[in-house]
Amino acid sequence: MKEVYPKYWMTAREEIYGFGEYDKNLCRCLLDRIPTGEKVLEVAIGTGYPIAEFLRGASYPVYGLDISSDLVQQCRRRNPDISCTIGDVEDLPYRSGHFGCTYCFHSTWYFPNLTRAIDEMLRVTRSSGLVLFDIQNRNAKNIDAAYRRRLAATRPAGKVIHYGKNVAKLILRRGTLQWHSVLYEVPTYPETLYGHLDQIGVSDFQVMVAREDHSLELRDERKPFSEFDRLVFVINKN
């Protein structure tokens, strides 16, 4: 994840995914909730495009952290006004209560220990501040099916297929070689997070569901939301 995936993400984030409606709606959500001038932290910032760049353009002091040195260097080159550093979300290098808002989008399914990452995001956020992150919803049928396919690829038969694909890439000189079979995307059951937040005494949170048109709808229920692939948790830290 530190060395192979960033080679893809360096250009794919902008050229393939771009600044889509989902990201624009996330930006609107942040603008509506963060007071002007608050320090914000983007966890797994990548190159800074598009959300950190958008917030910096709106005059927020923006900080960023990523585990990949290549992505951090790229972020620094294109966004000199963003304070970006290399680090691990499970051990954030910031003092407690340093930020008015900490957020993480498009990345939680890469974290080995998501609940530990959430604890750290909460720690570095001040009282009455906000923590936002999205998850791939394991309860959604297509998300669960995709995860099972990735899981199968790490088993012996899957590894043979994976090896063959890399040989084809090598011969055709196309694509990024990745010889190890890595289970790199792991979706989350929202019920697991409901339980964890209850356990650590966090009760003031809501969930936004992402509809097919990428609009966001705020919900107060604690449900499986099996009809929605992507969920956004909005935590008000007391």
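Visitor: Are Asp144 and Arg138 buried or exposed?

Guide: Both Asp144 and Arg138 are buried. Here buried means under 20% relative accessible area, exposed means over 50%, and partly exposed covers what is in between, using a 1.4 Å probe and protein chains only. A word on the model before we go further: it is predicted, with local features needing pLDDT of at least 70 and side-chain atom pairs counting only at pLDDT 80 or more, while totals for chains, interfaces and linings use all residues. Residues are numbered from 1 along each chain as its sequence is written, and side-chain values use heavy atoms, leaving out hydrogens and water.

Back to the pair. The side chains of Asp144 and Arg138 meet in a salt bridge, at 2.5 Å from N to O. A salt bridge is a side-chain nitrogen of Lys or Arg within 4 Å of a carboxyl oxygen of Asp or Glu. Side chains of opposite charge can pair when their charged atoms come close. Asp144 counts as buried because its relative accessibility is 16%. Asp144 also forms a salt bridge with Arg148, at 2.9 Å from N to O. Asp144 and Arg148 both sit in helix α6 (residues 141-152), four residues apart, which is about one turn of the helix. Helices (H or I, at least four residues) and strands (E, at least two) are DSSP runs, numbered from the N terminus.

By the salt-bridge rule, the count comes to twelve. Another of them joins the side chains of Glu120 and Arg123, at 2.8 Å from N to O. Glu120 and Arg123 are three residues apart in helix α5, so about one helical turn separates them. Glu120 is buried, with a relative accessible area of 4%, whereas Arg123 is partly exposed at 26%. Arg116, Glu120 and Arg123 are linked in a network of salt bridges.

A nonpolar core is a set of buried Ala, Val, Leu, Ile, Met, Phe, Trp, Tyr and Cys residues joined through side-chain atoms within 4.5 Å. The largest one has 31 residues, and those with the most contacts inside it are Val43, Leu92, Phe111, Phe133, Phe233 and Ile235. Elements that give two or more residues to this core include β1 (40-43), α5 (114-123), β5 (125-136) and β8 (230-236). Its largest share, five residues, comes from α5. Contact here means heavy atoms within 4.5 Å. A second, separate core has 26 residues, among them Cys27, Phe105, Met208 and Ala210.

In α8, Pro190, Leu193, Tyr194, His196 and Leu197 are buried. They cover an arc of only 170° around the axis, which puts them on the same side of α8; the arc is that of the directions from the helix axis to the C-beta atoms. The buried residues of α8 pack against α5, β5, β6 and β8. After α8 comes Gly201, whose phi is positive, near 80°.

The peptide bond from Tyr49 to Pro50 is cis, with omega near 0°, and Pro50 lies in the loop between β1 and α3 (51-57). His106, in the loop between β4 and α5, has a positive phi near 65° although the residue is not glycine. His106 is buried, with a relative accessible area of 19%. Phe225 likewise has a positive phi, near 50°, in a residue other than glycine, and belongs to the loop between β7 (216-219) and β8. Phe225 is buried at 1% relative accessible area.

Stepping back, the protein has eight helices and eight strands, and buried residues make up 45% of its 238 residues. Of contacts between residues at least 6 apart in sequence, 68% join residues at least 24 apart.
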